[in-house]
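Hi,

Here is the structure I promised to send over. Have a look at it first, and then read on for what turned up when I went through it.

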Amino acid sequence: MEAQTNNNGPGMDTTGLKPVIEIEHLKKAFGSNVVLRDFNLTIYAGQNMVVMGKSGIGKTILIKCIIGLIKPDGGTLRVLGQDISKLNHRELDELRMRIGFVFQSSALYDSMTIRENLAFPLRRSHGKITGTIEERVREVLGNVGLENTIDLMPSELSGGMRKRIGIARSLMLMPEIVLYDEPTTGLDPITSDEITHLIMDLQQKYKTTSVIITHDVELARIAANQIVFLKDGIAYQQGTYDEMVKTSDPDLKRFFKKTKDTQNG
Amino acid sequence: MDKSVKRNILLGLFVVVGIVLFIIGIFLVGAKSEMFKNTFPLSAKFTNATGLKIGSNVRYNGVKVGIVKTVNIIDDSTVQVDMQIEDSKRMFITTTAVATIASDGLMGDKLVNIITGKPGGITIRNYAYLQTHNPINTEQVLQTLSGSNENIRMITENLKILTSDLNNKNGALQMLYKDTDAAFDLKTSFSNLRLVTGKVAQVSQTLQDITALIQHGKGTAAELLNDTVLGHNLASTMASLKETSNKLNAVSNQLSLTVQHVNNGNGTVNMLLTDTTLAANVQQSVLNLKKASKGLDEDMEGLKHSFLLRKYFRKKSRKNK
Amino acid sequence: MDMFFQDAAELAQFTVAVIKEGVRPPYEFREVLNQCYETGIKSFILVGITAFILGLVLIMQSRPTLVEFGAGSFLPAMSSVSIVREIGPLVTALICAGKIGSGISAELGSMKVTEQIDAMEVSGTNPFKFLIATRIMATTLMIPVLTLYAILIALTGAFTAASITDQVNIGFFFNRVFDTLKFSDVIPSFTKTFFFGFAIGLVGCTKGYNSKKGTEGVGKAANASVVIAMLSVIVIDMVVTRITAMLGYL
């Protein structure tokens, strides 16, 4: 089958859907190391976009650009209709409140309890959440199935639990977009599976758009309705899971086969 | 939330107690620095205010009554010291009170001490100037000493000439010939010598006064107060000066005797008769005088090397150049 | 030498950024309080014990010499001037440079490594405001308070030593202590503690925030922060003393 570099892939009908993230000609280099050369991608509302690629290829750089943590060298980046590079501090903060970000290392605040961790994003969002902070914290904790950890410190939790709390925290402000940075990396297959299903459940519940960075093929298989393969600083190939698996491109073939093997074996 | 409330209370307690302690401390220091008392301004002019600083104590007969506010140079020989004195102590300070600069304890700071003056003064007004009592001026003392030494040298010269005349082979004849002149010369020398001796005695007295002050610790000579070595130096200087003075007295007496002989009615005959004795006498006197003069020179040298006066001599030698 | 200029540039950049972010609302009062607790209360016992022992030792060491010169009665005056002017502020600052400076930079360093600082930023919270300005504010406010306690405790230590050897009356001792002190002793000494606090917070934050990835980077940052903070404290002490002298307070 013909590999598609087009934005509009099959697997989901995008007609009539609003594009929420539009990336055009994105460039980013660190010194002589060019990470993103000319990256183009459009993500539509409600889509589950999985970004795959080898480690160190620039996937994390990509989503950090989306949320404005890293400033790209060139190209335009529109998120929820706003050009990131043209926003001032406050506008950027307001935009960020509509986006959830799940960090690879969970990034829970070590000095705070789980309650304080979850309440943290609410500090600046006056009136956006109905009910008290406590109610919201309990509700979100319930969503990830960890109500009893509310008074614990992050150091008292296992890796899988921390991941869940990280996801819970990103959902505190009912974001329209959630960005996941390697949500299953470093977890055992069973926990990975749980996290994958949690992501799916929450996505259904809150109707968010998701961008998931991973090299976990299993996660991609379950969660993705679009996969983009990042290579050499461009969106090398894009399509549904099935299209990706069936591709004749040697790089992709190796990636999907090998990762699948390690997942299964 | 319980925990954070507890922490905030503890923090608040910590800071409040700290600030209260600080305020108490400030108040205690302030109380000592006249910060919170009603005060009135007073000034005094000194020729020298060595060691006085802003915040130095002001005492009235040894009791603290205020602090020094500013120290300003008015002209080349006047330093104005402005003070803040407690209002409640105003009644004790009269227009006749005298301000001096004194020292506080062994290694203590300099301070202004106000001493009760002669009776009959009225209570002092704001911004008034206190009378001051300056430390004895050592420069003046030294100038006197230097002058005396010069005089003695002159006399010695005169006597030398006279003696060489007397020692002449034709001493007796010469003497006869020169009789009245010589007698007159000797007379002048003698009165000169008297003068010098008097002066030396005077200087010696001054030095004795200083030493006495030092011993009593009265502190008029502020600079001398703290330095026991210097005090000792001065004492020995004074002693040797006294000795010199005595010697000079002896010499002058001898000369007086000689002159009496010379002036005697039988002057010429006597002269002929006592020729050699007189010559020897006069020679001895001159020798003595020379020795005395040398002793005085040494004393001067000693004074020159005492650190206190070194600056004065250096200045003087520079001026001479 | 390269390192020195790099550090200096880092610190300068940070100072500008911190002041810029610190004065712009919203203010993080609660976090400042939180950090005040972390820096102030948690260092109190260490500072207190050190100050007490130093006051004690100061008297024990200087007493024989003073007594030899017949100046034993100068013990309270000497201890008050040396403790208030120098020992209190400097020792507090050096201890805090060690304890708080390294703590701040290790904490910020590991927060950076584990993406917590990024997480804060995407939560709409400016880490410069929330993490750095608050910490610098806390050290700037708390080191003077700690110094106050340190001075008082050191004087108590000095009194303890004096009372063991000489049976000094407490009223007499503290009367002599406050008799000797002038505002020109207290004010410059108190003023410099704010600078000490600012320097310790600034250095700790700079080193922590700019620490390299990985646990080694965090360790190095903590180490460098202690070294630079102590050095800056001593340099500030020297400069303030010089300025004080120039203003005629010495």
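Below is what I found, chain by chain and then across the chains.

One thing to keep in mind throughout: this is a predicted model. For chain A, the average pLDDT is 81, and 88% of the residues score at least 70. The stretch to treat with care is residues 1-11 of chain A, where pLDDT stays under 50. The model still has 24 contacts for those residues beyond four places in sequence.

Chain C is a helix story. It has eight helices and zero strands, so to speak α-α-α-α-α-α-α-α when read from the N terminus. Of its 250 residues, 53% count as buried. If you take the contacts in chain C between residues at least 6 apart in sequence, 87% of them join residues at least 24 apart.

Now the cores. The largest nonpolar core holds 150 residues, and the ones touching the most other members are Leu179(A), Ala154(C) and Ile200(C). Helix H5 of chain C (residues 127-166) gives this core its largest share, 25 residues. There is also a second, separate core of 23 residues, with Ala44(B), Ala49(B), Val58(B) and Met83(B) among them.

Setting aside neighbours within four places in sequence, its contacts include Ala93(C), Cys96(C), Ala97(C), Ile100(C) and Gly101(C). Thr139(C), Ile143(C), Ala229(C) and Val233(C) are in contact with Ile200(C) as well.

Over in chain B, have a look at strand E5 (residues 98-103). E5 of chain B runs antiparallel to strand E6 (residues 110-115) of chain B, and six bridges join the two.

Last, the place where chains A and C touch. Chain C puts 10 residues into the contact and chain A puts in 14 residues. What sort of residues does chain C bring to the side that touches chain A? Five are polar, three are charged and two are nonpolar.

That's the lot from my side.

Cheers

Conventions. Residues numbered from 1 in each chain as written. Chains lettered and ligands numbered in written order. Predicted model: local features only at pLDDT ≥ 70, side-chain atom pairs only at ≥ 80, totals over all residues. Pairing = 2+ DSSP bridges. Helix = DSSP H or I, 4+ residues; strand = E, 2+ residues; numbered from the N terminus. Buried ≥ 20, exposed ≤ 12 C-beta atoms within 10 Å, placed from the backbone. Contact = placed C-beta atoms within 7 Å. pLDDT = per-residue confidence, 0-100. Core = buried A, V, L, I, M, F, W, Y, C linked by C-beta atoms within 7 Å. Nonpolar A, V, L, I, M, F, W, Y, C, P; charged D, E, K, R; others polar.
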